[in-house]
Amino acid sequence: MSDPLKTRLKQLIVTTLKLEDVTPAELADDEPLIGSGLNLDSIDALELVVTLEKEFGVKIASSEESRQALASIAHLAEFIRARADPARIAG
Amino acid sequence: MSQPLAVRLQASGCLTALGNAVATHSALLRGEVALRARPVLGADGGESVPLALVQGRGFDETAPPNWLPAVRALVATLAGEGWGSARRPVFVTSSNFGVGSLYAYRRHGDAAHLAFGTPHLCVEWLARELGWGANVTTVSHACVSAHLGLLLATRALEAGLAESALVFSFDFISPFVTGGFNALKILNAGFPAPYADRATGSIGLGDGAAFAVLTRDTGDFSITAQSLHNEMHHFTANRADGAGFAACLEPLRGAAAGRRVWLKGHGTGTLEAGKLESAALTAAFPDAPLVAWKGSLGHTLGSCGLVELALASESIRSGHAPGTVGTSTPTFSPAVIVEPFSTQTTDAVVCASNAFGGAHAAFILSHA
Amino acid sequence: MLERYLHALSLCDVADEDPAVTRERLKDRFPRGATRRMTQLGLLVGVALDELTPLADDTVVYASAFAETRALEGYLDSFPSASPTLFQTSIHPSAVQQALIGRQHAIRDFFPLTGRAHLVMQAVQTALLSRAPRVLLCGGEERGTWLLQQKVASDRSFAFALALSAQSSGAIARISLSPIPDPTAVDECSLHDFFSALRERRPLDLAGPAGLRLNLTWR
């Protein structure tokens with residue numbers, strides 16, 4: 001069964017980064033988000049951070065921390081679960 | 001390409017949060033840090049980040065911009081008249097000009113701010129206020145802007161198009177720019193420690209304005225070589241092999257051959273760029289001491305090349321260069337000097353700056 | 001006197017075309033996925049430059065009065081959660097960087113200028129003082145939205161690029177700067193006026209504040 005948080009994160013990534021020719025379902029849980037076949041870079045990572053901060057109320061303080069959080073969809077979901085108010089995750 | 005024409009530096013000056021060039025130089029020698037923790041968006045709040053504002057200036061935008069008195073005071077120390085006439089061109093350089101005014105307009109709806117919001121409106125206003133003529137060329141390439149102004153002024157002198165040339169740089173921080181750097185996650189609660197080998201990088205931002213008067217044959221200092229390189233690799237990252245830094249420095253190595261140089265690096269406090277920059281500088285100029293001053297002054301953006309030129313010339317004139325204020329060991333390179341040092345056993349300084357887009361610029365300054 | 005010869009010319013005029021339409025129309029001209037963050041001006045300048053095939057030894061001179069207006073507007077609208085992408089993209093000279101970074105195309109000398117009444121004269125002077133064998137002089141503007149309503153943005157989108165060299169053979173035009181004895185009377189020329197002269201292959205004769213006369217003559 002799919003994880004609703006991961007599904008939501010994938011949708012956010014496609015929308016926020018205006019990914020062309022990519023659907024949320026095509027994003028793998030465990031592949032690196034940055035520097036992989038998606039051609040995402042550090043600015044994409046930061047744009048995602050802004051969206052995540054707004055969406056889940058989490059705070060990511062530095063570019064180093066954002067790099068760790070965005071290692072993969074699975075890693076990001078874990079990061080959000082550990083930091084965000086559960087009500088916002090459900091939301 | 002390296003520029004073989006040696007132009008003279010007839011005069012230079014700067015204004016930072018620590019005062020004019022002499023006051024700033026003295027404060028840096030004492031190890032003073034101008035940066036203070038302030039809300040990133042000024043009156044609109046946000047997390048506290050290290051910012052350095054010129055004394056008496058409020059952070060939030062006013063109409064006209066509240067940095068005009070500071071600029072007037074700086075320009076009042078500039079000798080000569082007729083700037084902006086045919087034979088005395090002005091090269092204005094900035095990254096942000098008055099763009100903070102557009103932020104103020106968007107937030108508060110006061111149309112009075114619009115008169116300063118675009119680069120040309122801002123520079124036209126400034127030229128009127130400072131009594132400059134129409135021969136004002138405006139250059140904007142983020143944090144290497146000032147270097148480009150120096151090179152264009154050099155070329156105008158070389159071609160005989162000018163008797164003397166004024167390069168004027170300014171960047172006064174606003175929520176527009178602090179918000180942007182904060183979004184890039186390199187302006188955060190941490191204070192900058194340029195070239196320090198630590199877990200998290202961070203920068204500070206500071207106000208800066210400066211001028212340099214260049215001539216063909218008058219002045220105590222010479223700019224003996226200038227170099228540019230644009231990696232065009234990534235907007236906010238450099239090539240991982242440091243080739244962009246090396247490509248900019250390479251033409252200067254020949255010009256510095258046989259001279260005992262010291263290095264004034266860009267050194268904002270970010271980790272990747274600091275590591276690459278210090279490695280490239282020490283590879284190009286082995287054994288040369290390396291310092292950067294943004295750990296105290298903050299990054300003065302488009303003005304940094306000219307602000308630091310004024311401070312480097314003050315260092316040569318006084319025989320003492322400030323160390324890398326705000327930094328402690330371990331550093332990326334043993335060449336990084338934390339404490340002040342004597343410049344009396346050196347012949348020249350290599351001044352380097354870098355900018356978004358992998359832009360690199362450097363020049364050599366020495367006694368004439 | 002300073003002079004160079006114009007060997008190639010690329011013009012893009014989309015007037016008030018919607019940026020999304022421009023992106024869709026031009027996206028095949030760029031590497032896959034490269035256009036999703038590009039501004040309309042970045043797309044237009046990118047196409048104009050690309051048609052001249054930039055070389056590593058070229059000097060690039062770039063002129064724009066307003067530059068990336070839409071990104072600037074979007075960035076200002078994004079507060080208090082400032083967008084890093086729009087901040088980055090709004091900074092002059094992003095349009096050229098968007099184009100050249102997309103192709104990983106390093107260059108040595110790059111001079112981004114801004115200004116208004118004398119911007120064309122100053123960009124030409126910068127180009128003619130270059131020591132590079134070839135200079136690419138490019139420029140353009142992007143139509144604004146709410147900044148245009150306040151008259152602090154361009155009312156149309158366009159871009160151009162010229163390839164200039166010292167060789168006269170095969171040139172389509174000559175561009176020169178020569179001293180004038182009395183520089184008190186100076187002409188004004190907006191970037192769009194210059195663009196129109198290029199499009200119509202119209203000669204130009206302008207006195208500038210540096211005491212130089214700009215002449216553009218077509219062959």
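**Ground rules.** I count two strands as paired if DSSP finds at least two bridges between them. Helices (H or I, at least four residues) and strands (E, at least two) are DSSP runs, numbered from the N terminus. This is a predicted model, where local features need pLDDT of at least 70 and side-chain atom pairs count only at pLDDT 80 or more, while totals for chains, interfaces and linings use all residues. Residues are numbered from 1 along each chain as its sequence is written, and chains are lettered from A and ligands numbered from 1 in the order in which they are written.

Entry 1: I started with strand 3 of chain C, residues 110–114. I call a residue buried if 20 or more other C-beta atoms lie within 10 Å of its own, exposed if 12 or fewer, and partly exposed in between, with C-beta atoms placed from the backbone. By that count 5 of the 5 residues of this strand are buried, so it is largely enclosed by the rest of the structure. Phe110(C), Pro112(C) and Thr114(C) point one way, and Phe111(C) and Leu113(C) the other. I recalled that side chains in a regular strand alternate between the two faces of the sheet.

Which strands pair with it? Strand 6 of chain B (residues 136–139) runs antiparallel to it, joined by 2 bridges, and Thr138(B) stands opposite Thr114(C). Strand 2 of chain C (residues 59–63) runs parallel to it with 4 bridges, and there Tyr62(C) faces Pro112(C).

**Entry 2: chain B as a whole.** I found 10 helices and 16 strands in chain B. Its radius of gyration, taken over C-alpha atoms, is 19 Å; a compact globule of 368 residues would have one near 21 Å, which agrees. The globule rule I used is 2.2 Å times the number of residues to the power 0.38. The C-alpha trace spans about 60 × 50 × 40 Å along its principal axes, and 65% of the residues count as buried.

**Entry 3: two helices of chain B.** In helix 3 (residues 100–108), 7 of the 9 residues are buried, so I noted it as largely enclosed by the rest of the structure. Tyr103(B), Tyr105(B) and Arg107(B) are among the buried ones. They pack against helix 6 (175–183) of chain B together with helix 3 (69–77) of chain C. Gly109(B) follows helix 3 of chain B with a positive phi, near 75 degrees.

Next came helix 1 of chain B (residues 21–29), where Ala21(B), Thr24(B), His25(B), Ala27(B) and Leu28(B) are buried. Down the helix axis they fall within an arc of 165 degrees (from the directions of the C-beta atoms), so they line one face. Their cover includes strand 1 (7–16) and helix 10 (304–318) of chain B. Just after helix 1, Gly31(B) takes a positive phi of about 80 degrees.

Entry 4: Chain A has 5 helices and 0 strands. Buried residues make up 30% of its 91 residues. With contact meaning C-beta atoms, placed from the backbone, within 7 Å, I found 11 residues from chain A and 12 residues from chain B in the contact. Helix 2 of chain A gives the largest share of the chain A side, 5 residues.
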